[in-house]
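User: Hi! I'm new to this one and would like a quick tour. Could you walk me through it?

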Amino acid sequence: MDDVSIIELLQKRDQSAINELRQKYERLCTYIAGNVLSQHEDVEECVNSACYEIWDSIPPAKPNDLKSYLCSVVRNIAINRLEYNSAAKRDSRYTVSLDEISECVPADADDNITLSELADAISRFLRTQDELQRRIFVRRYTYGDSVAEIAKRFSLNESTVSTYLFRTRKKLKVFLKKEGYDYE
Amino acid sequence: MNNNNFMKAMSMIDEDLVKEADTPYTGKTEADDTKVSFSEDENSAVVSGVDVYHRNIWKKCLGIAASLVIVLGAVGGGIYHFNKMKDKPVVNEEIENDYASIYETVKENKDSYDMNEYVCNYSSAEISFVREANDYKDKLFEYLDSIEGVKKVEEYPNSFRCVLFTFSDDKSGKKYDFSLRENGYGFWQETNGDENAVMTPPNIESYYYGKDVFEKLFEEALNVADSDTVEAMNKVSQEEIENFVTNHLEKCDGKVVYYPWQSAEECEIKKYSITDKEALTDALMNFEWVKIKESEFEYYDWYDMGIRISENGYLMAVGNDPDPYGCYKLKYEDESEKLAAEIRSVLGYAVDSSDVSSEDIKNALQELTTGTLAQWRSGPDYVPQGRENYETTARYYTLNDGESFINEIASFEWVTCDSLEIDEKAYFYDHGMMNLKGAYNFGITENSFGGTGSFYPLGYIISTAGRFKLKNESDAEKFAAIFDKYLIMEKESEIAEKICSGMTNYDNLRGHFTFEKTYGDEDQIIDGYMSYDAKNEKLYMKGDGHLFYQEKENTIELIMNGHDNAAYRTVEKETGNIDRVGTYRYSSGSSIPLPDNYAYLCKSLEKSLTPRGFNEYNSAKQNNYQITESNGKIELYSHGATDGFYTRIILTERGQLISYENIGPSYKTIFKLDDYEFDSPDFTMEDVGQLYESMKADEEEQYKRQME
């Protein structure tokens, strides 16, 4: 079933929408959650929660792209779960090392920053970047792909991917500083 | 903000960006076509250590650096795919100054180029600008010219770090760079503005300069770099270790050679096999490492297994041109024990076990017949400077019913065994010294025991036909029990057993003693009283007399402060001065004979009856003791070769020494205990611990005075 039809079912509060959503996107959701969580039970629970969050949020939300919307939801749930498990930093399944991204993280206290504003700033920054480097950055830090997977996807060698990520992180930091975010 | 919240923000970016990343990319990504575009924002200084006002140059240099990475990728198949590289470079020729090489071209025109210096760590994708280095140009070329033995090469193996010098002339548009790698290889290339072009000869020339050259230039660069750059360059990422270890282990055949520290003999080197390469890789990745120079590698108990790794935490590649190159040490030294344990956990023995038939075992042991002599030996397997080690034990048996013995041995399931496994299982180390857990050595060959076979009750056999071990470890107990069944202890060994157990199988002893020894013209005599706490091995003997080489009358104290822990002190009666004092063990060597106390005398008797060496055993057998028991005492008597020479030992039924006489042509030892009492209920004795410390202090004082 196409995404438009699934969204229609959701808006009609037809519960078959969940089955359709699962059938189409369960594997993708499992992949994204699996990039964050190590325990299979947690991944399953995360996917379940994502499906029901979609059910709860649509309507009123009207995502233009259901797939992307779903991916964001799944990832957020997975990260929340990870925080709950308090195992994030030593979990080897979390393919993105938190140390890797730490240089981009503003030093402001959490309550001074709204995530949506930060996400918006990051989006604006990414639009100014070269398409390839932008895609690589999003694959890494939104989808949670490993460097090896990204290299394979774009037919690059891993060192090139690492270099691109490195440079983009540096540029993002500069950008966010100009946007007014504090860094130590 | 915490990192997780930042990640959440990343998952909330615009949908179209998320969607874009999931759609097929149709842009070009091949190394020779990719245009790496930089932010057009002129204010973005993207790498730490960059001076903002040099951003234009930096932007172009970043391009060079990027193309450097891409070139490496193109030529080498990527830093992380080293197996695509050939193992050895093709060495062409020494450099000749007869054509305009890129190096020569740059050198000749160096004054027209601006030179910048960078350092790179590809394992963490770090490319750091160090400085504008125009002032350094002359010195660099002078140094490069001075290097002897630089060789031109066609290909080279990979490594993770490099020092990069860029040369650019804005007027002519000429651009070159020189990159020198951690493994000593370097190349000169002409880029001419197309940072993303893949260089091929003649626009690239590769040479081998030497690792020391890299180390020198790298160190010089880091000396002027900021601390972030230094840290970034020395950082060893998990990916680096993973790639390094994986690549080398994949190429190795699984054989391991272990070189113990200070091993000088071939026999000291041990051979194993790797049982699980993946587990070893995972284990090594879990440690933190730092980069070091090859010269800093410390050879201490190291293994060669495709990589060279030492138990004190050093890791490097092996071979002349390892691919990839690397040299590291543990960031935290106190993790070395854990590292050693991880290494050992993946080691197996080099020889695979195969089943051995019952017939083969019987054939291997066929020389064992009824009456074969067997020596049991256990304890320290080395001879100290003085006497035999206190703990070393030997006992002698004869084999009864050899055929049945062999049949029972052969009834177990056996497999072939690596000699190293027997060495490691049958011995243990105590304070660095090798100890045998215990073995029966059957038969004699070339004046030593074990000619027909050695049996280890743990479940191993060494025979002339091979080395075997029990297939099922659970059979070890039954295997050990066979020896009790078929071996008959010789009478001297039985007495030795009695004396040995007699040293501690009671509570206390006190009595009067005389102890006389004569050797040649020298003698010692002590007449006094002793108290012995047998269970705790605490002994106090005090008497009047003199030791060997003492001319004056002394008050002599001999003590034992626990197991094999003796001390003595003699005080001249006339002056009250300490003449001799010292702490010692049974096997301590000394230029002046150390006095035997009661416990050591008993031990020496036990060992005289059951000496470890073959020649000593033969000699002892000649004593041919007659053993009689009467009135609750055991007497051993051996008549000497000549009338008047004899040995007589008198023990209690339970093995305690009462009297010992050993009279020979030029020597005499007589010990007699009388007016004695065993296990007295009101037994008391001096504080031997305090006396020991006092004697120890006196010994140190005497030593200091002698040194002055």
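User: Let's start with the open sheet of 8 strands: what is the strand order?

Analyst: In chain B the order is β11-β15-β14-β13-β12-β9-β10-β16, with antiparallel pairing. Strands here are DSSP runs of E with at least two residues, helices are runs of H or I with at least four, and both are numbered from the N terminus. Two strands pair if DSSP finds at least two bridges between them.

User: Which strands are at the edges?

Analyst: β11 (289–291) and β16 (347–349) of chain B, each of which pairs on one side only. On average, neighbouring strands in this sheet are turned by 30° against each other, direction ignored. Axes are lines fitted to C-alpha atoms (for helices over the stretch in contact), with angles from 0 to 180 degrees between N-to-C directions.

User: Before I go on, where do the model and its numbering come from?

Analyst: It is a predicted model, where local features need pLDDT of at least 70 and side-chain atom pairs count only at pLDDT 80 or more, while totals for chains, interfaces and linings use all residues. Residues are numbered from 1 along each chain as its sequence is written, and chains are lettered from A and ligands numbered from 1 in the order in which they are written.

User: Thanks. How many helices and strands are in chain B?

Analyst: Chain B has 18 helices and 37 strands. Of its 708 residues, 36% are buried, meaning that 20 or more other C-beta atoms, placed from the backbone, lie within 10 Å of the residue's own.

User: What about the sheet of 11 strands, what's its order?

Analyst: That open sheet, also antiparallel, runs β32-β31-β30-β29-β28-β27-β37-β36-β35-β34-β33 in chain B. β32 (578–584) and β33 (626–630) of chain B each have a single partner strand, so one side of each lacks a neighbour in the sheet. Here neighbouring strands are turned by 15° on average, direction ignored.

User: Which strands does helix α15 touch?

Analyst: Helix α15 (residues 491–502) of chain B packs on the sheet against β33, β34, β35 and β36 of chain B, at about 50° to β35(B). Contact means C-beta atoms, placed from the backbone, within 7 Å.

User: New topic: why is β6 largely enclosed?

Analyst: 7 of the 8 residues of β6 (residues 174–181) of chain B are buried, so the rest of the structure largely encloses this strand. β6(B) runs antiparallel to β5 (residues 161–169) of chain B, with 8 bridges joining them, and B:Phe167 has B:Tyr176 as its bridge partner.

User: And how many residues lie between β6 and β7 in their hairpin?

Analyst: There are 3, and B:Gly184 in that turn of chain B has a positive phi of about 95°.

Technical notes: Two residues are in contact if their C-beta atoms, placed from the backbone, lie within 7 Å. A residue is buried if 20 or more other C-beta atoms lie within 10 Å of its own, exposed if 12 or fewer, and partly exposed in between; C-beta atoms are placed from the backbone.
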